[in-house]
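Trainee: I have a structure on my screen and I would like to learn how to read it. Could you take me through some features?

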Amino acid sequence: MPGVHVAALKRAFLVRGKKNSSVKHFAERAGISEKQLIMTEAQVNPKAYPLADATLTKTILDLVQQASNYKQLRKGANEATKTLNRGISEFIVMAADAEPLEIILHLPLLCEDKNVPWSCEYYLDVAVRNESHEETVQCAESFLHCLYTLGPLTPSLLLRRKHMDLEGKASRHMNAAADLTVPDTPTGKSGKFRIQWKSGVTGNQPKTVSLDPITCQCLELCNTTHSHSLVGLAETQVMTDPPVVIWEDEVRQLLHYRALLPRLEEALGKFSRRDSAEVIQPVRTTITLQKHHGFLGLMPSYMENDGILCTKLVCFYNREAGSTLPATQATVLLLDSEYGNVKAVMDGDAITNMRTAAVSAISAKLLMRPEAEVLAILGTGNQALSHYNVFTELFSFKEVRVWSHTREGAERFRNSVSGPVTACVSVEEAVRGADAIVTVTRCTEPVLFGQWVKPGAHVAAVGACRPNWRELDDVLMKEAVVYVDSREGAMAESGDVIRSGAEVFAELGDVINGTKSAHRGKTTVFKSLGMAVEDAVSAKLVFDQWKSRNSHT
């Protein structure tokens, strides 16, 4: 059914039958005797509780009959389990004389586990097919009552409630929750009623949805079950809004290091604890773009406790010197982890540049000597600029040096920053005596040599993200204490780690968690490859900031 699908009573319950016209009619249609359909008190398993009374049994049998007519009936414990796991079950009926009862005892727990939260728009038009005006009114009241029992009705609020109090009449709560209007409708035509939330928000277009007769009965049944401790669950699936698109300039306006840094630090710690409820993140998957000397990387992550589902698509290339084509291009998708729809599509380059620089700054905060005075940056691209911005924002360096393959690149970088920068003609000139060194180059062979590095310096190595690419030589890698963002990532993707045979001492998250030491007095290397969880928390921050800003406009 388009728009809204309502499923009531997703919790399993037990039925005890008594002779009535519905039983007779159902038996005739099923081709069995009434006696076969009626169970005696002796046949009822004492573990079967709660039980439906005669009135509820009649309603249930009528519902089952209609489900059969509409070919929406599945039989047996296995089929019930399958439909619940697939999320297509609307109603479960269990017999109190099932033998052995243990074959169905898992169903109530499974039903409880399959709670379906739901989202409401400000207006809702509901069409009820082939019902009289009176029946439409009854269905409207039942539907509204189901909405009310889930909690306060507020705009765009997702609500989840396992247990609901179904006592009382819908009319008692109508004015408190919404305005309900039911136009007069001739019998046999489609009835329609509108629910308007009293949110004070105007200008939203109504959503039109349909309820079939079985759904209407489910809703009516909801209001008869409170004395039997049954749970009624309503599910609405209003058509989701299209994804928000947030371009690069807007990402930069919304993302700030002061807010980003503590979130990244927390995420790094969570990742290193290897708790699947906190972070699930596989190693980056790549495919080769051989014709263009590049790669496409897929970087998904899921933070269950935080409700963040995100993936990044990133293309990165080994460009020739002087190429005007970008070295990387990225797009970040933020998804709703429950419904699976894309909530936002964001420029990934701005996020990548800022979160990578922020993580390098975290490494410097943890590993760099407090009295550091000289910063050297190898490379003059976007990552170099991001690193300059965050390092000079957080730390007080007396001198900043920069090196580029070309003099034009170094001059362009110097003119693009606000503070003083010394452009160096060689790598050795740039790094000699430096306390902190950042390598953000496109190099595939070592460009920074250990003999030039000051003892006790901290190196944040950001480039060379392939197993056969290098920025640092073997001497530096083997003499330094090596930290990484992800051990698995480093052993799969870092040429500096793999080819040098250097031992990885710890992940940055280990230091944050206090399980590994920060060796500030020694030469340290932080090999950064970038992680999907960093993109995830960054994208969530951008989206939250975007929502906050747009809610006030």
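The dialogue below goes through helices, cores and salt bridges.

Mentor: First, the ground rules. This is a predicted model, in which local features need pLDDT of at least 70, side-chain atom pairs count only at pLDDT 80 or more, and totals for chains, interfaces and linings use all residues. Residues are numbered from 1 along each chain as its sequence is written, and side-chain values use heavy atoms, with hydrogens and water left out.

Trainee: How far apart should the ends of helix α12 be?

Mentor: Helices (H or I, at least four residues) and strands (E, at least two) are DSSP runs, numbered from the N terminus. The expected span of a helix is 1.5 Å times one less than its number of residues. Helix α12 covers residues 382-394, which is 13 residues, so it should span 18 Å. Its end C-alpha atoms lie 19 Å apart, which agrees.

Trainee: Which residues of α12 are buried?

Mentor: Buried means under 20% relative accessible area, exposed over 50%, and partly exposed in between (1.4 Å probe, protein chains only). In α12 the buried ones are Gln 383, Ala 384, Ser 386, His 387, Tyr 388, Val 390 and Phe 391. Their cover includes helices α10 (257-273), α11 (348-367) and α13 (407-416). Strands β14 (374-378), β15 (399-403) and β17 (436-439) are also part of that cover.

Trainee: On which side of α4 do the buried residues sit?

Mentor: Helix α4 takes in residues 77-86, and its buried residues are Ala 77, Ala 80, Thr 81, Thr 83 and Leu 84. They cover an arc of only 170° around the axis, so they are on the same side of α4. The arc is that of the directions from the helix axis to the C-beta atoms. The face turned away from the buried side carries exposed Asn 78 and Arg 86. Just after α4, Gly 87 has a positive phi of about 75°.

Trainee: Which residues touch the most other members of the largest nonpolar core?

Mentor: The general idea comes first. In soluble globular proteins, nonpolar side chains tend to be buried together. A nonpolar core is a set of buried Ala, Val, Leu, Ile, Met, Phe, Trp, Tyr and Cys residues joined through side-chain atoms within 4.5 Å. The largest one here has 66 residues, and Met 346, Phe 391 and Phe 397 touch the most other members. Helix α11 gives the largest share of this core, 11 residues. Domain 2 (244-350) and domain 3 (355-530) both contribute residues, so the core lies between them. Those domain bounds come from an automatic or database domain assignment.

Trainee: What is Met 346 in contact with?

Mentor: Contact means heavy atoms within 4.5 Å. Leaving aside neighbours within four places in sequence, Met 346 is in contact with Ile 246, Thr 331, Val 332, Leu 334, Ile 351, Ala 539, Val 542 and Phe 543. A second, separate core of 39 residues includes Cys 424, Cys 443, Val 459 and Ala 480.

Trainee: How many salt bridges are there?

Mentor: Side chains of opposite charge can pair when their charged atoms come close. A salt bridge is a side-chain nitrogen of Lys or Arg within 4 Å of a carboxyl oxygen of Asp or Glu. By this rule the count is 23. In one of them, Lys 365 pairs with Glu 265, with the closest N and O atoms 2.8 Å apart. This pair links distant parts of the chain: Lys 365 is in helix α11 and Glu 265 in helix α10, 100 residues apart. Lys 365 is partly exposed, at 40% relative accessible area.

Trainee: Where do Arg 414 and Glu 411 lie?

Mentor: Both are in helix α13, three residues apart, about one turn of the helix. Finally, Lys 312, Arg 355, Glu 534 and Asp 535 are linked in a network of salt bridges.
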